[in-house]
Amino acid sequence: MRVAFPYVKEKSSVFGVVFRPVAKVIFEGEFPQWMYVDSGADISLIPLSVGKLIGFRREREEKLERIFGVGRSSIPILTRRVSIRLGLLEFPARVAWSQIEDVPLLLGRMDIFRRFHVTFMEREKATVFSTR
């Protein structure tokens, strides 16, 4: 299997126009989301509203964990398992479900990168996921 996604063109307040790697992921077989492909992220990250859309619920007794990003800022999260489809391949994966809204959707390494050869094709401005 091989699937390629073109980079998305965005405006940066610091760098002007930038091209960022993204991939279309389908959660639980019916919830498509575009996510930034982040080779520096340990785990995939979704905002509060996307988790609720998928059907996640927080139990009262659940203890929040915190993950840290650039600048050591932290985000309160709960870890969940979800079915992910990327291209033709569907598989279970762990995601960090943020308990705040203001976070980007990040496709991180855990449970994702071990299933694919991930190639960032900068000149072509595309990310390729392949199983061969």
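**Entry 1. Pocket**

I looked up the largest pocket and found a volume of about 520 Å³. A pocket here is an open set of points on a 1 Å grid over the protein atoms alone, with protein on both sides within 12 Å along at least five of seven lines; lining residues have an atom within 4 Å of a point. Grid points are joined across faces, edges and corners, and the volume is the space filled by probe spheres set on the points; the probe is 1.4 Å.

I note that the model is predicted: local features need pLDDT of at least 70 and side-chain atom pairs pLDDT 80 or more, while totals for chains, interfaces and linings use all residues. Residues are numbered from 1 along each chain as its sequence is written, and side-chain values use heavy atoms, with hydrogens and water left out.

Of the 20 lining residues of the largest pocket, I list D38, A41, F68, G69 and L106 as the closest to its centre. Strands β5, β7 (65-68) and β8 each supply at least two residues of this lining, and β8 gives the most, with three residues. Helices (H or I, at least four residues) and strands (E, at least two) are DSSP runs, numbered from the N terminus.

R72 lies over the face of F68, at 4.6 Å from the ring centre. Likewise, the charged end of K125 sits over the ring of F19, 4.8 Å from its centre.

**Entry 2. Nonpolar cores**

I searched for nonpolar cores, which are sets of buried Ala, Val, Leu, Ile, Met, Phe, Trp, Tyr and Cys residues joined through side-chain atoms within 4.5 Å. Buried means under 20% relative accessible area, exposed over 50%, and partly exposed in between (1.4 Å probe, protein chains only). The largest core has 27 residues, of which F27, I46, I54, I84, L86, L107 and F129 touch the most other members. Elements giving two or more residues to this core include β1 (2-6), β4 (22-27) and α1 (48-54). Apart from it lies another core of seven residues, among them I43, L45, I75 and L106.

I then listed partners of I46 (contact: heavy atoms within 4.5 Å). Beyond four places in sequence, I46 touches residues including F27, M35, I54, F56 and W97.

**Entry 3. Aromatic pairs**

I found five aromatic pairs in the whole structure. Rings of Phe, Tyr and Trp (its six-membered ring) pair if their centres lie within 6.5 Å; planes under 30 degrees apart count as stacked, over 60 as edge-to-face and the rest as tilted. F5 and W34 are edge-to-face, because their planes stand at 90°, with the centres 5.9 Å apart. This pair links F5 in strand β1 to W34 in strand β5, 29 residues apart. F5 is buried at 8% relative accessibility, whereas W34 is partly exposed at 49%.

F5 also pairs edge-to-face with F129, 6.0 Å centre to centre and 75° between the planes. F129 lies in strand β12 (residues 126-130), 124 residues from F5, and is buried at 0%. I record F5, W34, F91, F116 and F129 as one aromatic cluster.

I looked up S130 in strand β12; S130 is buried at 13%. Beyond four places in sequence, its contacts are M1, R2, R115, F116 and H117. R80, in strand β8, is buried at 15%. Its contacts beyond four places include E62, R94 and W97. The C-alpha atoms of R80 and S130 are separated by 25 Å.

Technical notes
Lys NZ or Arg CZ within 6 Å of the ring centre and 35° of its normal.
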